[in-house]
Amino acid sequence: MAEEQQNPETAPLVADDNAVDETVDDGDSALGLGAASDTTSLRSSILKYRQENGRTYHGYKDGAYALPNDEVENERLDLQHHLFLLTFDEKLHAAPLNKPLHRAFDAGCGTGMWAIDFADEHPECQVTGVDLSPIQPQVIPPNVTFYVDDLEEPWDFSTKFDFIFARFLTGSIRDWPKFFSQSFKFLSPGGTIELIDIVYPLKSDDDTLSEDSPLCRWAKLLQGAFAAIGSPLDSALKYEEQLEEAGFIDVKVVKRKWPLNRWPKDQKHKQIGTWAHVNTMDALAALSLAVFTRAAGEGGLGWSKEELEVFLAGVRKDMNNLSIHSYWQIWSVYAVKPE
């Protein structure tokens, strides 16, 4: 069985009774629309973005990823990168890397911030990042290379990696056993794989998040919609078992929490909650627009934009309510390929 690392942060968080609720501006739109294969070329299908509800989504493998790829979303991803650093004590990974690193793979690299920071920390290591969208910066360290590709297609890298890292791929990968099988194949003996993911739905340890609240309903509706298309948002719950079935050993789990606002008394979690609040608020409209308003046959729920706007007004009020002590579960699961 997989071993769970000591996780002192999984104990119930204490609420700050002196915290003051966030200000909610009901005059703003509930949708927040005003808020802030190895290949050497990018084909037109890659650069062609899908326009939907005022946002752009990747055109390559259209619909495989629910969030946009526009500048607003890219800024949120950079903020989220900082949030991960706060969560894991300014470290880019939870897994210990005890072997010399020659090649690392960032699977689903997004804006490339993790790959760039990792390359700076390890100038001796060549870092490869792959994503569905070409949203990475042009100026990068000499030991970083970015490609546009689909992680669910067969991998055909010419050499193996010493470290494979994947962050927030839940909801994007439909065949996790295949992903782990390909990771095992392209990882060097003794190499490490690490996945960091969110686990839906939202939780609270003191029952302040009621089942009938808009916030809880929103999270469970999202979870149901993703599960219906074979991309469940609680995929991290199975990573331990699936890694072991793929042949990995020494599986470890590190559990953290993202409070949804500044409600915790503990200063570290209050700071994490402040950043997690901004991150979730910025993602709320983009993620909801794609999932709720797309037709049921296209992986959506078939809501009208007007229905969604009314619903999200209640969700935002709950997110700003410091008497609701909700949090996201954030798990790091890592393992080693046998020598």
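## Starting at Pro 189

Pro 189 sits in strand 8, which covers residues 187-204 (strands here are DSSP runs of E with at least two residues, helices are runs of H or I with at least four, and both are numbered from the N terminus). Because its relative accessibility is 39%, Pro 189 counts as partly exposed; the cut-offs are under 20% relative accessible area for buried, over 50% for exposed and partly exposed in between, using a 1.4 Å probe and protein chains only.

Which residues does Pro 189 touch, leaving aside those up to four places away in sequence? They are Lys 99, Lys 337, Pro 338 and Glu 339, where a contact means heavy atoms within 4.5 Å. Glu 339 is 150 residues away along the chain, yet the C-alpha atoms of Pro 189 and Glu 339 are separated by 4.5 Å.

## What kind of model this is

This is a predicted model, with local features needing pLDDT of at least 70, side-chain atom pairs counting only at pLDDT 80 or more, and totals for chains, interfaces and linings using all residues. Residues are numbered from 1 along each chain as its sequence is written, and side-chain values use heavy atoms, with hydrogens and water left out.

The chain has a mean pLDDT of 85, and 82% of its residues reach 70 or more; pLDDT is the predictor's confidence in each residue, from 0 to 100. Two stretches need a more careful eye. Over residues 23-50 pLDDT stays under 50, and the model has 58 contacts beyond four places in sequence for them. Residues 57-63 also stay under 50, with 36 such contacts.

## Helix 7 and its two partners

Helix 7 (residues 267-293) packs with helix 8 (residues 305-320) at an angle of about 155 degrees, their axes 11 Å apart. Axes are lines fitted to C-alpha atoms, for helices over the stretch in contact, and angles run from 0 to 180 degrees between N-to-C directions. Helix 7 and helix 8 are therefore roughly antiparallel: angles over 145 degrees get that label, while under 35 is roughly parallel, 65 to 115 roughly perpendicular and the rest oblique. On the helix 7 side the contact includes His 277, Leu 284 and Phe 292, and on the helix 8 side Leu 308, Phe 311 and Val 315 are among the residues involved. By class, the contact of helix 7 with helix 8 has ten nonpolar, five polar and two charged residues. Here Ala, Val, Leu, Ile, Met, Phe, Trp, Tyr, Cys and Pro count as nonpolar, Asp, Glu, Lys and Arg as charged, and the others, Gly among them, as polar.

Helix 2 (residues 71-87) packs with helix 7 too, at about 160 degrees with axes 10 Å apart, so helix 2 and helix 7 are roughly antiparallel. Helix 2 passes helix 7 in a left-handed crossing. Among the residues that meet are Leu 79, Leu 83 and Leu 86 of helix 2 and Ile 272, Trp 275 and Ala 276 of helix 7. The contact of helix 2 with helix 7 divides into eight nonpolar, five polar and three charged residues.

## Helix 5 across helix 8

How do helix 5 and helix 8 cross, and within what distance do their axes come? The axes come within 7 Å and cross at roughly 115 degrees, which means that helix 5 is roughly perpendicular to helix 8. Helix 5 passes helix 8 in a left-handed crossing. Pro 214, Leu 215, Arg 217, Trp 218 and Leu 221 of helix 5 meet residues of helix 8 including Phe 311, Leu 312 and Val 315.

## Helix 6 and its neighbours

In helix 6 (residues 239-246), Tyr 239, Glu 240, Gln 242 and Leu 243 are buried. The buried residues of helix 6 pack against helix 4 (176-185), strand 8, strand 9 (249-259) and strand 10 (326-336). Just after helix 6 comes Gly 247, with a positive phi of about 115 degrees.

Most residues other than glycine have a negative phi, and most peptide bonds are trans. Back in strand 8, where Pro 201 lies, a cis peptide bond joins Tyr 200 and Pro 201, with omega about 0 degrees.

Asp 207 has a positive phi, near 65 degrees, and is in the loop between strand 8 and helix 5 (214-228). Asp 207 counts as exposed because its relative accessibility is 69%. Asp 250, in strand 9, also has a positive phi, near 55 degrees; at 47% relative accessibility, Asp 250 counts as partly exposed.

Methods. A crossing is left-handed if the near helix is turned anticlockwise from the far one by less than a right angle, and right-handed if clockwise.
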